[in-house]
Amino acid sequence: MASLKDLRNRIASVKATQKITKAMQMVAAAKLRRAELAAAAARPYAERMERVLANLASSMRDAPGAPQLLAGTGEDRRHLLVVMTADRGLAGGFNASIARLARDEARRLIAEGKEVRFLCVGRKGADILRRQFPGKIDDVISLREVKTLGYSTANEIGERIIREYQDGGFDVATLFFSKFRSVVSQIPTAQQVIPAQIPEATGEDQLNGAIYEYEPSEEEILEVLLPKNVSIQIFKGLLENAASEQGARMSAMDNATRNAGEMIKKLSLQYNRTRQAQITKELIEIISGAEAL
Amino acid sequence: MDTFPFELVSPEKLLISEDVEHVVVPGMEGEFGVLAHHAPLMSTLKPGVVKVYKTDGGEPRRLFVRGGFADVNPRGLTILADEAIPMEELDAAKLDLAIRDAEEDVADAVDDARRVRAQAQLDQLRELRGSLF
């Protein structure tokens with residue numbers, strides 16, 4: 001049986017933990033709102049970009065001399081998995097579920113005899129994957145120092161991936177991140193960015209027979225657009241991820257706060273019982289002592 | 001006069017989405033004006049100023065853009081800008097920052113085509129800096 005002092009200490013420590021989880025939950029809630037707004041603000045650009053690309057690419061895809069970023073290298077052997085996670089933990093299953101998706105994909109590719117490399121954005125994913133795929137992690141990009149996630153950050157990552165692609169480092173690049181649905185639901189997602197996956201132009205975009213004029217030329221525009229598309233997809237992924245991370249952390253910390261509350265209740269009950277038992281015992285001792293006289 | 005839907009978006013946000021009568025766009029091969037019923041056109045942009053006339057002949061809204069694309073189709077004009085700053089908020093310091101970025105791009109360029117493109121950007125930014133301040 002735990003002594004009264006032990007119980008008192010435990011209650012105090014659980015209370016302190018509860019205060020921390022409560023504070024983390026509120027911080028996550030505030031950050032979530034901001035992250036959600038940022039993700040929503042970035043959506044129009046990505047959508048318009050997709051539409052423009054769809055218009056442009058449908059005519060170019062099968063043309064000889066189509067840019068590599070669109071047509072691919074003609075091979076499907078070496079894969080680069082860009083795994084985007086958070087730099088911090090304590091966000092429920094957020095990091096683990098992205099890493100799991102990437103791991104399953106990597107195992108599948110390896111089983112097919114393909115070569116797999118990882119580029120991790122965010123330390124947590126790297127920590128998990130390093131254990132399972134030692135030596136396959138090219139680099140880890142930490143976003144710890146980044147205060148507000150801007151397009152320039154995504155652009156840097158995008159340019160780096162494209163440079164590697166043009167140097168012949170890999171054939172296919174896939175992004176892994178978590179799509180934000182709601183506070184309780186984030187969906188780990190894989191998205192291929194190189195070669196570009198472009199949806200077919202929808203009927204709405206048909207020009208009624210009119211022909212686009214291109215300035216300077218179709219090829220040159222595509223040449224600039226495609227790398228931009230990679231950066232934009234990364235930017236979108238990072239923003240979705242940021243919102244998902246805060247959402248996941250918020251619900252995880254909400255749970256933790258509730259659990260701590262239950263624990264405090266249970267411990268207090270035990271503490272009070274023990275205290276009463278002790279008082280009763282002392283009384284009995286006094287009374288029986290008095291009777292003996 | 002007819003109006004058409006105009007949108008100006010940067011990766012970070014949607015800056016303008018409204019019906020306008022006339023927009024002047026700094027295209028890579030020269031400025032061009034867009035009115036309603038313009039023929040479909042897609043053009044890259046050079047760093048410069050987009051002028052938005054809500055009513056033709058009125059006072060334009062001016063925004064600095066740092067390259068990107070313009071897409072004119074029957075549904076209107078969409079400008080995808082790499083960066084867009086309303087002229088009122090633009091100052092020499094912001095332009096200098098853009099110029100420094102462009103200088104880095106020139107230094108980092110991996111092949112000649114890219115270097116030429118980056119150099120052109122840089123020159124245009126410098127010209128703009130000279131003409132504005």
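User: Before anything else, where do the domain bounds in this predicted model come from, and how many Å separate the centres of domain 1 and domain 2 of chain A?

Analyst: Domain bounds come from an automatic or database domain assignment, and the structure they are applied to here is a predicted model. For chain A the assignment gives domain 1 as 4–19 + 255–288 and domain 2 as 36–200 + 212–253. Taken over C-alpha atoms, the distance between the centres of these two domains of chain A is 51 Å.

User: How many residues of chain B are in contact with chain A, and what is the area buried between the two chains?

Analyst: On the side of chain A, 30 residues take part in the contact, and they meet 28 residues of chain B. Carbon and sulfur atoms give 60% of the area buried between chain A and chain B, and that buried area is about 2700 Å².

User: Which residue of chain A forms a salt bridge with B:Glu7?

Analyst: The count between chain A and chain B is 2 salt bridges, while 5 residue pairs are found in polar contact across that interface. In the salt bridge of B:Glu7, the closest N and O atoms are 2.4 Å apart, and the partner is A:Arg48.

User: Which element gives the most residues to the side of chain A that touches chain B?

Analyst: The elements of chain A that give two or more residues to this side are helix H1 (4–60), helix H5 (151–166), strand S6 (213–215) and helix H6 (218–292). The residues of that side divide into 19 nonpolar, 2 polar and 9 charged. With 9 residues, the element that gives the most is H1(A).

User: Which residue is the bridge partner of A:Glu213 in S5(B)?

Analyst: Strand S6 of chain A and strand S5 of chain B, residues 41–53, pair in the parallel sense over 3 bridges. In S5(B), the bridge partner of A:Glu213 is B:Leu41.

User: How many residues apart are A:Asp76 and A:Lys114, the pair that forms a salt bridge?

Analyst: A search of the whole structure finds 20 salt bridges over all chains, and one between A:Asp76 and A:Lys114 has its closest N and O atoms 3.2 Å apart. This pair links distant parts of the chain, with A:Asp76 in the loop between helix H2 (68–71) and strand S1 (78–84), and A:Lys114 in the loop between helix H3 (94–111) and strand S2 (115–121) of chain A.

User: Which residues of domain 1 of chain B lose the most area to domain 2 of chain B?

Analyst: Chain B is divided into domain 1 (4–86) and domain 2 (91–132), and 21 Å separate the centres of the two, taken over C-alpha atoms. Here 7 residues of domain 1 are in contact with 8 residues of domain 2, and the two domains of chain B bury about 710 Å² between them, 69% of it on carbon and sulfur atoms. Together giving 63% of what the side of domain 1 buries, the residues that lose the most area are B:Pro47, B:Phe64 and B:Arg66.

User: Which residue meets B:Arg66 in a salt bridge?

Analyst: Across the interface of domain 1 and domain 2 of chain B there is 1 salt bridge, and 0 residue pairs are found in polar contact, counting pairs with both residues at pLDDT 80 or more. At 3.5 Å from N to O, the side chain of B:Arg66 meets that of B:Asp101.

Note on methods. Residues are numbered from 1 along each chain as its sequence is written. Chains are lettered from A and ligands numbered from 1 in the order in which they are written. This is a predicted model: local features need pLDDT of at least 70, side-chain atom pairs count only at pLDDT 80 or more; totals for chains, interfaces and linings use all residues. Side-chain values use heavy atoms; hydrogens and water are left out. Contact means heavy atoms within 4.5 Å. Buried area is the accessible area (1.4 Å probe) that two parts lose on being put together, summed over both. A salt bridge is a side-chain nitrogen of Lys or Arg within 4 Å of a carboxyl oxygen of Asp or Glu. A polar contact is a pair of N or O atoms within 3.5 Å; within protein, one must be able to donate a hydrogen and the other to accept it, and residues adjacent in sequence count only if both atoms are side-chain atoms. Helices (H or I, at least four residues) and strands (E, at least two) are DSSP runs, numbered from the N terminus. Ala, Val, Leu, Ile, Met, Phe, Trp, Tyr, Cys and Pro count as nonpolar, Asp, Glu, Lys and Arg as charged, and the others, Gly among them, as polar. Two strands pair if DSSP finds at least two bridges between them.
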